[in-house]
Amino acid sequence: MKTAVITGASSGLGREFVRQFYSVFPEIERVWLIARRTDRLQELAEQLEEKGISTLTLPLDLCDTMSFTAYQEHLVEEQPEIALLVNNAGISYVGLLTDMTIKDFDRTMKSNIYSVFNSCNRVVPYMVRAHKGHIINVSSVWGCCGASCEVAYSASKGAVNSFSKALGKELAPSGIAVNAIAFGAVDTTMNGHLSPDERQMLEDEIPAGRMATPQEAAEFICRIAGCGNYLNGQVITFDGAWQ
């Protein structure tokens, strides 16, 4: 049974991707939905089940040792044929470096890059066994150029970009593609802290004149995930010509 694994599935791009992917990947019969919010995962699972897609909801925090162990146990139990892994889990931190604590920095790095490592570390052996698969790591333009007052976030997404390039080279001989998508501003709850004036200032900076919608951003993930494995080890920007 071909399986897709989606982390950070309960909100933002992950949630929207779950709503769209089955129209692009009809061969996928089972979906693992991973996030920390159990209630929203169940709602998504019910929507997929109505369309005849089997689901497994895993309310896990992939930075947590116990959750990591539970993830591994489910893999060993099901022995799935994983065709697609989308690593979307992550958080942002906005503030001056001098106001940031070690705990803030550590939490951001663990949420944004450790979770990618933990997920790939467990899923890749199943893709290698099948000699195929596609991994999409959701990243940010700030991982390419850095953002003032977002040092930890920029560093973590820069790590995601380098991780994706390196793992793509490592797994290409096994027929597995690994790519990162560096998104610009997307109109999700992650940008919900912006005041109306701050939002307008941001949109004025973007040549396209607006943020991306979650729907079009999720559609782009579908397009990249649907490419053949020759597209590999790339950081692909989707930002309305912003950076």
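Reader: Which residues of H6 are buried?

Author: In this predicted model, the buried residues of H6 are Ala-152, Tyr-153, Ser-154, Ser-156, Lys-157, Gly-158, Val-160, Asn-161, Ser-164, Leu-167, Gly-168 and Leu-171.

Reader: And what covers those buried residues?

Author: The cover includes two helices, H4 (102–130) and H5 (142–145). It also includes the strands S5 (133–140), S6 (176–183) and S7 (235–238).

Reader: Where does H6 run, and what span should it have?

Author: Helix H6 takes in residues 151–171, which makes 21 residues. At 1.5 Å a residue these should span 30 Å, and the end C-alpha atoms are 30 Å apart, so the two values agree.

Reader: Why would residues a few places apart in a helix point the same way?

Author: An α-helix has 3.6 residues a turn, so residues three or four places apart point the same way.

Reader: Which H8 residues are buried?

Author: They are Pro-214, Ala-217, Ala-218, Phe-220, Ile-221, Cys-222, Ile-224 and Ala-225.

Reader: What do they pack against?

Author: The buried residues of H8 pack against helix H1 (12–24) and against S4, S5, S6 and S7.

Reader: Let us stay with H1. Is Phe-17 buried or exposed?

Author: Phe-17, which lies in helix H1, has a relative accessible area of 0%. The cut-off for a buried residue is under 20%, so Phe-17 counts as buried.

Reader: Which residues does Phe-17 touch?

Author: Setting aside residues up to four places away in sequence, Phe-17 touches Ile-6, Leu-84, Val-86, Ala-218, Ile-221 and Cys-222. Ala-218, Ile-221 and Cys-222 are among the buried residues of H8.

Reader: How far is Phe-17 from Ile-6?

Author: Their C-alpha atoms are 8.8 Å apart in space, and the two residues are 11 residues apart in sequence.

Reader: A change of topic: where is Leu-97, and is it buried or exposed?

Author: Leu-97 sits in the loop between strand S4 (81–87) and H4. Its relative accessibility is 55%, and exposed means over 50%, so Leu-97 counts as exposed.

Reader: How far apart are Leu-97 and Ser-67?

Author: In sequence they are 30 residues apart, and from C-alpha to C-alpha they are 30 Å apart in space.

Reader: Which residues other than glycine have a positive phi?

Author: One of them is His-131, with phi near 60°. Another is Ala-241, with a positive phi of about 65°.

Reader: Where are these two, and how exposed are they?

Author: His-131 lies in the loop between H4 and S5 and is partly exposed, at a relative accessible area of 48%. Ala-241 is in the segment after S7 and is exposed, at 56%.

Reader: What else is in the segment after S7?

Author: Gln-243 lies there. Leaving aside neighbours within four places in sequence, Gln-243 is in contact with Val-141, Trp-142 and Cys-145.

Reader: How far is Gln-243 from Lys-132?

Author: The C-alpha atoms of Gln-243 and Lys-132 are separated by 33 Å, and the two residues are 111 residues apart along the chain.

Reader: Stepping back, how many helices and strands are there in the protein chain?

Author: There are eight helices and seven strands in the protein chain. The radius of gyration is 17 Å, close to the 18 Å that the globule rule gives for 243 residues, so the chain is as compact as a globular protein of that length.

Reader: What are the spans of the C-alpha trace, and what share of the residues is buried?

Author: Along its principal axes the trace spans about 50 × 40 × 35 Å. Of the 243 residues, 49% count as buried.

Reader: How far apart are the mean positions of the positive and negative charges?

Author: The mean positions of the 20 positive and 28 negative charges are 5 Å apart.

Methods
Residues are numbered from 1 along each chain as its sequence is written. This is a predicted model: local features need pLDDT of at least 70, side-chain atom pairs count only at pLDDT 80 or more; totals for chains, interfaces and linings use all residues. Side-chain values use heavy atoms; hydrogens and water are left out. Helices (H or I, at least four residues) and strands (E, at least two) are DSSP runs, numbered from the N terminus. The radius of gyration is taken over C-alpha atoms; the globule rule is 2.2 Å times the number of residues to the power 0.38. Buried means under 20% relative accessible area, exposed over 50%, partly exposed in between (1.4 Å probe, protein chains only). Lys and Arg count as positive and Asp and Glu as negative; His and the chain ends are not counted. The place of a charge is taken as NZ of Lys, CZ of Arg, CG of Asp or CD of Glu. The expected span of a helix is 1.5 Å times one less than its number of residues. Contact means heavy atoms within 4.5 Å.
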